[in-house]
Amino acid sequence: MGVNEGEEEEEVGVGMDDKAKRMRDLLSSYYSSDQQSNSTVNNGSSRFATLDTINTTAFDVEQYMNLLVQKSNLEDLLQRHVEMAAEIKNLDTDLQMLVYENYNKFVSATDTIKRMKNNIVGMETNMEQLLEKIMSVQSKSDGVNTSLFEKREHIEKLHRTRNLLRKVQFIYDLPARLAKCIKSEAYADAVKYYTGAMPIFKAYGDSSFEDCKRASEEAIVVITTNLQAKVFSDSESIQARAEAVMLLKQLNFPVDNLKVQLFEKLEQFLVDLHLESKEIPHSSADQENLTESATSAAHEASIREFSEAVRAYRVIFHDSEQQLSILAQNLPKMHFEATQQHIKKQLASSDLVAMLRIIWTDVLLMDGVLPEAGLRDFTMEAAHVAVKQYVASRFSHLLLDISGTVVKVGNEMEGGEEENSLHATLEASKKAVVQGSMDVLQDFCQLLDENLELLSKLRDFVIDWVQEGFQDFFRKLNDHFLLLSGKKHPAGQDLSFREGLQGDKLFPGLVLVLSQLSVFVEQNAVPRITEEIAASFSAGGSRGYENGPAFVPAEICRTFKAASETFLQHYINMRTQKISVVLNKRFTTPNWVKHKEPREVHMFVDLLLQELDSIVKEVKNILPEGLQRKHRRTDSTGSTTSSRSNPLRDDRMLRSNTQKARSQLLESHLAKLFKQKMEIFTKVEHTQESVITTIVKLCLKSLQEFVRLQTFNRSGFQQIQLDIHFLKTTLKDIADDEAAVDFLLDEVIVAAAERCLDPIPLEPSILDRLTQAKLAKTREQSPTP
């Protein structure tokens, strides 16, 4: 039977691992507490809705069978029957194995109790014999104690007397011992002797040992003074200074005051170290080779001395970690305050790297002494702020340099050097934009190339700051251009950028320079800077892909293209407005109804030509020549011919009465309806011909409008005719589109004829004679070299 049971145990053991958990769960649910059973019964109604209720104590056979029949077909019922039979067999086997295991344990416990009973037999006799021997030894010991009691009492009394005499002798010898300790600087022994005698001095110091107490206290005063000097001495080792503080504590010296004094000394040391770091040269290249090594060595020695002082303070005062952490954080804080002051000035990247290297070296040294202060993280945050400030400062200085170069135009034009300064200032401004940007990028590249842990951790941030900085720089540069051109009113922080201009006068030449400089930024500067950024500042970055790139050159190009067109149009408006003032004065001053017969070309034509000549010189000094050839009359179709000019110029001048002239005017209006319309105003380009021609067209259009506002007699009309005839001769060398200019001049004559009371023109011979006389006079006044 035993063999069969063993075989069964082996067969069941194979499946034990897979069924153990399920068996334990079933037994546990069966032997669960009443409370759990009650809760199961109470909640049984909700569980009966499933087939899992077979494992609960509230199992209902009929309800389970009804539910099983409802949810299962015949095949499922047969399969369920097979599964239940297998489960019942497995449960029986598991239960049999469980009973068998517990039975073996019970048999083993019974055997152990039997063996214990067998081993205890005979122990009672041995214990009785041992008790008799102990009683015998105790009786003999009591006899010895009785015989030696009196002698032992006498010996103990003599021993106590001897100890008392030794203490008395120690008290009398204490002043001499203390003096010997002071001489040999054995302050630990002195403190030990004195603290040992303190109980006797407290009990008998005012009577028997008064002199000894006084002499000892005097010696202790000397020892206390010497210990304080040792604590403040930098030549002493940290262990010796810590030992001195411990001895002072044993002497009940107020160590807290000493702690405050030492901490104040550390604070002063830090202030001196900060002042010393301010004096370290960072930007003098000539002195760097001579003084940098000496100053760096001195600074390193000072910071090591400070770190050792902090280490000593920490060893001496164990509860000073928080206080020292705050003090240690002040070291990089003061360094970065000095660094930020240097950054506000124009600081080179090499100097910034040198300063950051010194700061990081100091932090690493202090972090080894006081790691609890978290100086690495603190310094990293401060460096994050400082480097970001440096990047912003470099862009600010670049903006100031470019703005200063452009503002120089206004000052030179104020001094009468306009013609010579425009081109030079434009080239200087271009150089300031490109070369300044390249210098800034070179400085930033040096920051990324430095093998410094502090900068390596900020690399991704620097890349983002550089890209964002250029985006913001060009935005601000455009705003300053608008400010200098007068298209934007200064506000608060922008006032400083117009302080360089002398007075409030705005010069058109400055606006033209800004227009051409904007074209240069769009077509040359931005593409070159984009290439440099793509080469050195594209990899990495802390911005996510979802935020997009920080530097968007296409947006910058669109901005400056719009700005260049705005400035060019603004320049044209400024020039035409100035000429309009001359025209307005010319046509509003005289009484045209009472005008006298014309004798010569009016002087306002000279003023108009002088203004146009200055514009031509200014434009040719700044803008490039165009590629298109001039638009002459021979290049045009009938659309370039005025619908009213030829009849007025040829036929109408031969008529002698007013009625025929008015009839010819009506004919010209009718002919105009059948002529192809000319496009007078086209898009302005950044070329000399386009700008000059546009200004001339606008001036002639203004002249036509001023003429329409007046009423002329015959002489006034003839004066207008003479002036326009002279302008036709002179303007053909200035404007590019001769056909459009002739058309507008003819329109002025037509407008004057419409507003004339007696529109009878001068004969062509008279016009030619007066015109030639004016040309000869002009050549005499300004001879050609």
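## A residue to start from

Ser 690 lies in helix α24, residues 688–708. Helices here are DSSP runs of H or I with at least four residues, strands are runs of E with at least two, and both are numbered from the N terminus. Ser 690 has a relative accessible area of 16%, so it counts as buried. Buried means under 20% relative accessible area, exposed means over 50%, and partly exposed lies in between, with a 1.4 Å probe and protein chains only. Leaving aside neighbours within four places in sequence, Ser 690 is in contact with Lys 683, Val 684 and Glu 685. Contact means heavy atoms within 4.5 Å.

This is a predicted model, in which local features need pLDDT of at least 70, side-chain atom pairs count only at pLDDT 80 or more, and totals for chains, interfaces and linings use all residues. Residues are numbered from 1 along each chain as its sequence is written, and side-chain values use heavy atoms, with hydrogens and water left out.

## The chain as a whole

The chain holds 27 helices and 0 strands. It has 785 residues, and 40% of them count as buried. Among contacts with a separation of 6 or more, 79% join residues 24 or more positions apart.

The chain exposes about 45400 Å². Carbon and sulfur atoms supply 52% of that area. Accessible areas come from the Shrake-Rupley method with a 1.4 Å probe; for residues, only the protein chains shown count as cover.

## The largest nonpolar core

The largest nonpolar core has 163 residues, and Phe 470 and Phe 474 touch the most other members. Helix α15 (residues 375–414) gives the largest share of this core, 14 residues. Such a core is a set of buried Ala, Val, Leu, Ile, Met, Phe, Trp, Tyr and Cys residues joined through side-chain atoms within 4.5 Å. In soluble globular proteins, nonpolar side chains tend to be buried together.

What does Phe 470 touch, not counting residues up to four places away in sequence? The list is Phe 395, Ser 437, Leu 441, Ile 529, Ile 533, Phe 551 and Ile 556.

## Aromatic pairs

Rings of Phe, Tyr and Trp (its six-membered ring) pair if their centres lie within 6.5 Å; planes under 30 degrees apart are stacked, over 60 edge-to-face, and the rest tilted. By this rule there are 14 aromatic pairs. Phe 587 and Trp 592 are stacked, because their ring centres are 5.6 Å apart and their planes are at 25°. Phe 587 also forms an edge-to-face pair with Phe 604, at 6.2 Å centre to centre and 70° between the planes. Phe 587 lies in helix α20 (residues 553–588) and Phe 604 in helix α21 (residues 603–622), so this pair ties together parts 17 residues apart in sequence. Both Phe 587 and Phe 604 are buried. Trp 592 is buried too, at 2% relative accessibility.

Ring pairs also link a cluster. Its members are Tyr 390, Phe 395, Phe 444, Phe 470, Phe 473, Phe 474, Phe 481, Phe 551 and Phe 560.

Helix α6 (residues 74–120) has 47 residues and should span 69 Å at 1.5 Å a residue; its end C-alpha atoms are 70 Å apart, which agrees. The expected span is 1.5 Å times one less than the number of residues. The buried residues of α6 are Arg 80, Asp 94 and Met 97. At the start of α6, a side-chain oxygen of Asn 73 comes within 3.4 Å of the backbone nitrogen of Glu 75.

Leu 248 lies in helix α10, residues 238–250. Leu 248 counts as buried, at 0% relative accessibility.

Note on methods: Polar contact = N/O pair within 3.5 Å; in protein donor to acceptor, adjacent residues only side chain to side chain.
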